[in-house]
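Please look at the sequence and the structure before reading the points below.

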Amino acid sequence: MSFLSRQAKFSVRNKILQDRVESHVTRNHLLWNFLPGGLFTLPQFSTDPVQFPFYYAILGRSPSQQFTAVIHTVTPLQSQISPVVKLIIAVAKSKFCAQIVVLWNCDKPLPPQNKWPSTSVPLTVIEGQTK
């Protein structure tokens, strides 16, 4: 921690103290003591290391045979041949794809559901927060 700025040190200490005070959302010791560390895991998502793939080796687990594709979109859908649509269709064809999550982070409004391609796997579109 000696290479961190004062603000970074304060932030880390504050997170540790917050975990101790709010024990119902505390992070497991594995989350703090092994890379990537407690600051990279959100207790709002999970406090169970099994939910984070980077702890599988430590826990003696192996990854699932299927994956969730997360696509961060910053350009709007202009047509059914747009790169985002092509990517969704291509990824959905994989036999290992369990679901697709699209994070819509464009200046344009989220298109209606009928503008998205139909896929054989669940497609979830989440609208990102704008500043």
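The model is predicted, and the mean pLDDT of the protein chain is 78. Strands β1 and β2 pair in the parallel sense, as do β2 and β3.

**Confidence**

- In the protein chain, 72% of the residues reach a pLDDT of 70 or more.
- Confidence is highest in β2, at a mean of 93, and lowest in helix α2 (residues 29–33), at 69.
- Where pLDDT is low, the predicted coordinates should not be read in detail.

**Strand pairing**

- β1 and β2 are joined over seven bridges in the parallel sense, and I71 has V102 in β2 as its bridge partner.
- β2 and β3 are also parallel, over five bridges, with L103 standing opposite I126 in β3.

**Helix α4**

- Helix α4 spans residues 83–92, and its buried residues are V84, V85, I88, V91 and A92.
- Seen down the axis of α4, these buried residues fall within an arc of 135°, so they line one face of the helix.
- An α-helix has 3.6 residues a turn, so residues three or four places apart point the same way.
- P83 and K86 are exposed, and they sit on the face of α4 turned away from its buried side.
- The cover over the buried residues of α4 includes β1 (67–73), β2 (97–104) and β3 (123–127).

**Nonpolar core**

- The largest nonpolar core has 15 residues, of which L77, I88, I100, V102 and W116 touch the most other members.
- β1, α4 and β2 each supply at least two residues of this core.
- Leaving out residues up to four places away in sequence, I100 touches A69, I71, I88, V91, A92, V121, P122, L123 and T124.

**T73 in β1**

- T73 lies in strand β1 and is buried, at a relative accessible area of 1%.
- Beyond its neighbours within four places in sequence, T73 is in contact with V84, V102, L103, W104, N105 and C106.

**The tryptophan pair**

- How many aromatic pairs does a search of the whole structure find? The search finds one.
- The pair is formed by W104 and W116 and is edge-to-face, with 5.7 Å centre to centre and 85° between the planes.
- W104 lies in strand β2 and W116 in the loop between β2 and β3, so the pair ties together parts that are 12 residues apart in sequence.
- W104 is buried, at 1% relative accessibility, and W116 is buried too, with a relative accessible area of 9%.

**L110 in the loop between β2 and β3**

- L110 is found in the loop between β2 and β3. Is L110 buried or partly exposed? With a relative accessible area of 31%, L110 is partly exposed.
- L110 touches W104 and W116, together with V125 and E127, when residues up to four places away in sequence are not counted.
- G128 is 18 residues from L110 along the chain, and their C-alpha atoms are separated by 9.7 Å.

Definitions and conventions:
Residues are numbered from 1 along each chain as its sequence is written. This is a predicted model: local features need pLDDT of at least 70, side-chain atom pairs count only at pLDDT 80 or more; totals for chains, interfaces and linings use all residues. Side-chain values use heavy atoms; hydrogens and water are left out. Buried means under 20% relative accessible area, exposed over 50%, partly exposed in between (1.4 Å probe, protein chains only). Helices (H or I, at least four residues) and strands (E, at least two) are DSSP runs, numbered from the N terminus. The arc is that of the directions from the helix axis to the C-beta atoms. Contact means heavy atoms within 4.5 Å. pLDDT is the predictor's confidence in each residue, from 0 to 100. Two strands pair if DSSP finds at least two bridges between them. A nonpolar core is a set of buried Ala, Val, Leu, Ile, Met, Phe, Trp, Tyr and Cys residues joined through side-chain atoms within 4.5 Å. Rings of Phe, Tyr and Trp (its six-membered ring) pair if their centres lie within 6.5 Å; planes under 30 degrees apart count as stacked, over 60 as edge-to-face and the rest as tilted.
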